[in-house]
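Please consider the sequence and the three-dimensional model shown below.

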Amino acid sequence: MYGIEVLALVLVGFALILLLTGVKIVPQGYQYTVERFGKFTRVLRPGLTVIIPFVDNIGHKQNIMEQVLDILPQEVISSDNAQVTTDAVCFFQVQDPVKASYEVNNLELAMQNLVMTNIRAVLGSMELDEMLSNRDRINAELLIKVDEATDPWGVKVTRIEIRDISPPQDLVDAMARQMKAEREKRASILEAEGEREAAIKVAEGQKQSEILKAEGQLEAAKREAEARERLAEAEANATSMVSKAIAEGDNRAINYFVAQKYVEALQTVGSAENSKVIMMPLEASNVIGSVAGIAELFKTEQPKP
C-alpha cells in the first residue's frame with residue numbers, strides 16, 4: 001500500500017508539472033510564438049492557452065504595443081563640411097510577431113543602427129542652415145526611409161523625431177555674428193529706404209509748391225494785364241473825348257491835358273529821395289489855372305428847368 005501511495009503522489013506531481021508546463025497565460029499587448037522541436041508552428045494570442053508539454057516551446061515573446069527606441073547621439077558632417085551632434089527618438093510597433101521573431105536578429109539593435117545610418121545619410125546631404133531650419137522635412141524623410149526598410153521585419157515605424165542638432169560652439173558664435181551682421185544690414189537698408197522716401201516726399205512738396213507759386217504768378221500777371229488793358233481803354237476813351245472836345249473848339253480839354261502832365265511831373269520830382277529843395281519855375285503858377293480848367297471840364301451842364 002505504501003508503494004501505491006508513493007506512485008500516486010508521483011503521478012499527481014507529474015500531472016501538475018505537465019499542467020503547469022502546458023498551460024500558458026499570454027498578457028495583453030503581447031504575442032508568443034510556439035516552436036515544436038525548434039520549428040515555428042503558431043502564435044499565442046493574449047489570454048489562457050495550452051501547449052503540448054516537452055514538445056512545444058515558447059520561442060519569442062513579442063511586445064505588439066507601440067514602443068520607443070532611444071537613438072544614441074552621433075556626429076554628422078553636413079554637405080558644407082559643418083560637424084554637428086544629433087540624437088533622435090524612434091516610435092515603432094510590431095505588427096507581425098512572426099517576421100519580427102524570425103526575419104531579423106535583435107530587432108531593437110537592428111532598428112537603432114538603421115535609424116542612425118539614415119540620419120547620417122539625410123543630414124549629410126544638407127547644408128547647415130538647411131539642416132537647422134527644416135526639422136520637419138528631416139523627420140518626414142527619415143520616417144519614409146526607415147519604415148520602408150523595416151517593412152520586411154513586420155514592424156511599422158510611426159514617428160521619428162530629431163531631438164537636437166548641436167553645432168560646435170565656435171560655429172554657433174560665428175552664426176550669431178553672421179545673424180547680427182545680417183540684421184544690421186537690413187536695418188541700414190530700411191533706414192536708407194526711409195531717407196529716400198522722405199527725400200522724395202520733400203521733393204514732391206517743393207515741386208507742388210513751385211507749381212502753385214507759378215500758377216499764382218500767372219494769375220497775378222493775367223490780372224495785372226487785365227488791369228492795364230482796362231486802364232489803357234480808359235485812357236483811350238479819355239483821349240477820344242478830349243480829342244473830340246478839341247475838335248469842337250473847347251480849350252478846356254487842352255488845359256486838362258497840360259495840367260495833368262504838369263502835375264505828374266511835379267509828383268515825380270517831389271517823390272525823389274534826394275530832393276530836399278525843389279526849384280519851381282514861375283510858370284508853375286499857371287497850373288492853378290489849369291486845375292481850375294480841369295474842374296470846369298468835369299462839370300456837366302445841368303438841364304435847365
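The model is predicted, so local features are reported only at pLDDT of at least 70 and side-chain atom pairs only at pLDDT 80 or more, while totals for chains, interfaces and linings use all residues. Residues are numbered from 1 along each chain as its sequence is written, and side-chain values use heavy atoms, with hydrogens and water left out.

Helices (H or I, at least four residues) and strands (E, at least two) are DSSP runs numbered from the N terminus, and two strands pair if DSSP finds at least two bridges between them. Strand β6 (residues 67–77) runs antiparallel to strand β7 (residues 83–94), and nine bridges join them. Within this pairing, Gln67 is placed opposite Phe92 of β7. The two strands make a hairpin with five residues between them, and Asn81 in the turn has a positive phi of about 65°.

Helix α5 spans residues 135–150 and contains Val146. Val146 counts as buried because its relative accessibility is 0%.

Charged side chains come next. Side chains of opposite charge can pair when their charged atoms come close. A salt bridge here is a side-chain nitrogen of Lys or Arg within 4 Å of a carboxyl oxygen of Asp or Glu, and the whole structure holds 10 of them. One of these joins Asp56 to Arg36, with the closest N and O atoms 2.6 Å apart. This pair links distant parts of the chain, since Asp56 is in strand β5 (residues 56–63) and Arg36 in strand β2 (residues 30–36), 20 residues apart. Asp56 is buried at 3% relative accessible area, whereas Arg36 is partly exposed at 34%.

Another salt bridge connects Asp87 and Arg163, whose closest N and O atoms are 3.5 Å apart. Asp87 belongs to strand β7 and Arg163 to strand β8 (residues 155–166), so this contact ties together parts that are 76 residues apart in sequence. With 16% relative accessibility Asp87 counts as buried, while Arg163, at 42%, counts as partly exposed. A further salt bridge forms between Glu130 and Arg137, at 2.4 Å from N to O. Glu130 is partly exposed at 26%, and Arg137 is partly exposed at 39%. Shared partners also join Asp70, Asp87 and Arg163 into one network of salt bridges.

Aromatic rings provide another kind of contact. Rings of Phe, Tyr and Trp (its six-membered ring) pair if their centres lie within 6.5 Å; planes under 30 degrees apart count as stacked, over 60 as edge-to-face and the rest as tilted. By this rule there is one aromatic pair. The ring centres of Phe40 and Tyr102 are 5.7 Å apart and their planes stand at 55°, so the pair is tilted. Because Phe40 lies in strand β3 (residues 39–44) and Tyr102 in helix α2 (residues 97–102), the pair ties together parts 62 residues apart in sequence.

Definitions and conventions:
Buried means under 20% relative accessible area, exposed over 50%, partly exposed in between (1.4 Å probe, protein chains only).
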